[in-house]
Amino acid sequence: MNASIRIDNISKSYGEVQALKNINLDIKSGELFGLIGPDGAGKTTLFRLLATLLLPDEGSAKLCEIDSVSEYKKIRSFLGYMPGKFSLYQDLSVIENLNFFATVFNTRIEDNMDMIRDIWVQIEPFKDRLAGQLSGGMKQKLALCCALIHQPKILLLDEPTTGVDSVSRSEFWQMLKGLKERGITIVVATPYMDEANLCDRVALIQDGEVLQVNTPDEIVEQFEKELYAVKSKDNYQTLLDLREFKFTHSVFLFGQSLHYTDIQNESSVNELKTYLENKGRLGIVIEKIKPSIEDCFMALSSKSVEYE
């Protein structure tokens, strides 16, 4: 089966709020695809449309070349969906939840153990524990097992690593790589920019619009400006100073430094440093750095605002 996803001009509004604006995406069969954007970008709405839980106002979506509206029952038979909020039965045990979802899809755990074995071995010691008493990471693993129990061709994961520790996040992505090797098409929505690098391709989305679709490396390579990390003993005041600098193109606070781009094709580090020193800033360090996905997202977001 061709487990591709095609989205054509999909729009969706809630009253006066337009959650999605003419979304177009082609996700290849067997691809690990990331939907990257902040809270409120429209990721969950798009997932609910693909999962046949919402109807689009305009446009269409096809999963495995099957229309998501007219043939939604067929899609549900080969689709695995893991919503962002833990939605299993918290007053049932781990094994009871798994048995329930297997029954819903008219199958048995034993018939599909090969699909979930790598994940199941991690939660089997807790199989009699109530789902509501599991840790965040274990809840995510149980939810993934339940989404896989009927051997889906397409897997939709809505912010699966939100709220779990870094070790659990790493383990979860290792599991996804194993599932990808089985040929499952996986679409992951996440607000974590660093997870973009773990995907084959990503779509950067904000305010219901797709800003760019490409591989993580190619998105970074298309960053248009030279990028500098600027540090001082007072980064916040330095941020305010740089916003007033006549050659500033963009400046954002990133962790312990500021990421700066200049409107000049060849920016003068010495000129920038002199400007900050004259403003009374101390301990100034300026170095050229390679942009990250997050830098690209911020640049694309700013450009989108300029065009509005």
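1. Strands here are DSSP runs of type E with at least two residues, numbered from the N terminus. In this predicted model, strand S1 spans residues 5–14 and contains Ser-11.

2. Ser-11 has a relative accessible area of 5%. Because the limit for a buried residue is under 20% relative accessible area, Ser-11 counts as buried. Leaving aside residues up to four places away in sequence, the contacts of Ser-11 are Gln-18, Leu-20, Lys-21, Asn-22, Pro-56, Asp-57 and Glu-58.

3. A further strand, S3, covers residues 32–36 and includes Leu-32. Leu-32 is buried, its relative accessible area being 1%. Beyond residues up to four places away in sequence, Leu-32 touches Trp-173, Lys-180, Ile-186, Val-188, Leu-198, Cys-199, Asp-200 and Arg-201. As for Lys-73, which lies 41 residues from Leu-32 along the chain, the C-alpha atoms of the two are separated by 24 Å.

4. In soluble globular proteins, nonpolar side chains tend to be buried together. The largest nonpolar core of the model has 50 residues, and the members that touch the most others are Ile-116, Leu-144, Leu-148, Leu-155, Leu-157 and Leu-179. Helix H5 (residues 136–148) supplies the largest share of this core, namely eight residues.

5. Residues up to four places away in sequence being excluded, the contacts of Leu-148 are Met-115, Ile-116, Ile-119, Leu-155, Leu-179 and Ile-184. Of these contacts, Ile-116, Leu-155 and Leu-179 are also named among the core members that touch the most others.

6. The packing of two helices is described by the angle between their axes and the distance between the axes. For helix H3 (residues 94–104) and H5, the angle is about 20° and the axes lie 9 Å apart. H3 is therefore roughly parallel to H5, since angles under 35 degrees fall in that class. The crossing of the two helices, H3 and H5, is right-handed.

7. Which residues of H3 and H5 meet? On the H3 side they are Val-94, Asn-97, Leu-98 and Phe-101, and on the H5 side Leu-142, Cys-145 and Cys-146. Classified by residue type, this contact of H3 with H5 contains six nonpolar residues, one polar residue and no charged residues.

Note on methods. Residues numbered from 1 in each chain as written. Predicted model: local features only at pLDDT ≥ 70, side-chain atom pairs only at ≥ 80, totals over all residues. Heavy atoms only, no water. Helix = DSSP H or I, 4+ residues; strand = E, 2+ residues; numbered from the N terminus. Buried < 20%, exposed > 50% of the residue type's maximum accessible area, 1.4 Å probe, protein only. Contact = heavy atoms within 4.5 Å. Core = buried A, V, L, I, M, F, W, Y, C linked by side-chain atoms within 4.5 Å. Axes fitted to C-alpha atoms, helices over the stretch in contact; angles between N-to-C directions. Parallel < 35°, antiparallel > 145°, perpendicular 65-115°, else oblique. Left-handed = near helix turned anticlockwise from the far one by under 90°. Nonpolar A, V, L, I, M, F, W, Y, C, P; charged D, E, K, R; others polar.
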